[in-house]
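Walk through this protein with the model open beside the text.

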Amino acid sequence: MAPVKKIVPSSILTIDADSEIETPESREDIVWHEFQNAYRTKKVLTGTLGGIEKMDQGGMIAVIYYKEMRVVIPMAEMMINLIEDEKHNYGELVQRQSKVLGNMLGCEIDFLVKGLDTASRSVVASRKEAMYKKRQIFYMSDSSGNSRVCEDRIVQARVIAVAEKVVRVEIFGVECSILARDLSWDWLGDANERFHVGDQILVRILSVDAPDIQNISVKADVKSVNGNTSKANLARCKIQGKYAGTVTDIHKGTVFVRLSIGVNAIAHSCYDNRLPGKKDDVSFVVTRIDEERNVAVGLISRIIKQNI
């Protein structure tokens, strides 16, 4: 007599009676269902910019990951608006767009699903349409003439790129650059030390120009969101006092120092045989208090530690 073949249950046997284990396949099914719903309802989804690839046909695509699933956005749909004229041919423009995207790797990206291929489970999307949709909601005036993003309002923004002296943010579908002087009351030697791609930060809207959905510009800053403690800190600074500090910048012989007591300082001379450099730890002697500019003026008595 042939042995009876036992039927093995398809579900995973779990330690806790009521719990369920998600497999990679089941997670993929759930996410695919989300894509189908988003495609049908035109819902804006958010993923992470994970890569830039060159296609066989020669075009560039951005690769977004949404809950571990790959989404492709053509370069033309990434809303990377750069100047294109007789001085910039197509090849140069693509190279510049690719460089901009490279600086944005790791940032959060909103997108609208534009196409689905069930067989290969591939997704094509548009960042441009998602940004336009957000602009319509947050910048266009309602029936009473008000908009959600308006002057003097504090809003949340996404950091999408960081350079030494500037941070690029996206504020509800509109990109905006914030210079180092508007990032902090402290002197910042390098914005990378405090801001990172993928961060979400609070900014204050300084101005909004929104004639139509395609042409919206925003100015914002970070430092006005935080209280200015420079005056209170400056009061603790004593003439002929000696304080430790870090060199944040050097311009035309003037050395800008951030003192450890929370004061911005300017040195026009250095008594150390070595020349000071950015990020050097120094000993600073205060010779004068400039209350109008909220800075201490003095000299560098010695370099404690060079940043080599």
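Among contacts between residues at least 6 apart in sequence, 59% join residues at least 24 apart. Keep in mind that this is a predicted model. The secondary structure comprises four helices and 15 strands. Of the 308 residues, 39% are buried. The accessible surface comes to about 18600 Å². Carbon and sulfur atoms account for 51% of that surface.

Five strands make it up, in the order β8-β7-β6-β9-β10. The sheet is open, and its pairing is antiparallel. Its edge strands are β8 (174–179) and β10, each of which pairs on one side only. From one strand to the next, the twist averages 50°. Strands of a sheet pair through backbone hydrogen bonds, in either a parallel or an antiparallel sense.

Take the pairings in turn. Strand β7 covers residues 166–171 and pairs with β6 through four bridges, in the antiparallel sense. Within this pairing, Val 159 stands opposite Val 169 of β7. Strand β6 spans residues 154–162, and five bridges join it to β9, residues 200–212. These two strands also run antiparallel. Here Arg 158 has Gln 200 in β9 as its bridge partner. In a regular strand, side chains alternate between the two faces of the sheet.

Six bridges join β9 to β10, residues 215–221, and the two run antiparallel. Ile 205 finds its bridge partner in β10 at Ala 220.

Finally, look at the cysteines. A disulfide is a covalent bond between the sulfur atoms of two cysteines. With a cut-off of 2.5 Å between cysteine sulfur atoms, the count comes to zero disulfides. Is Cys 176 buried or exposed? Cys 176 counts as buried because its relative accessibility is 3%, and the cut-off for buried is under 20%. Cys 270 has 25% relative accessibility, so it counts as partly exposed.

Key:
Residues are numbered from 1 along each chain as its sequence is written. This is a predicted model: local features need pLDDT of at least 70, side-chain atom pairs count only at pLDDT 80 or more; totals for chains, interfaces and linings use all residues. Side-chain values use heavy atoms; hydrogens and water are left out. Buried means under 20% relative accessible area, exposed over 50%, partly exposed in between (1.4 Å probe, protein chains only). Contact means heavy atoms within 4.5 Å. Accessible areas come from the Shrake-Rupley method with a 1.4 Å probe; for residues, only the protein chains shown count as cover. Two strands pair if DSSP finds at least two bridges between them. Axes are lines fitted to C-alpha atoms, for helices over the stretch in contact, and angles run from 0 to 180 degrees between N-to-C directions.
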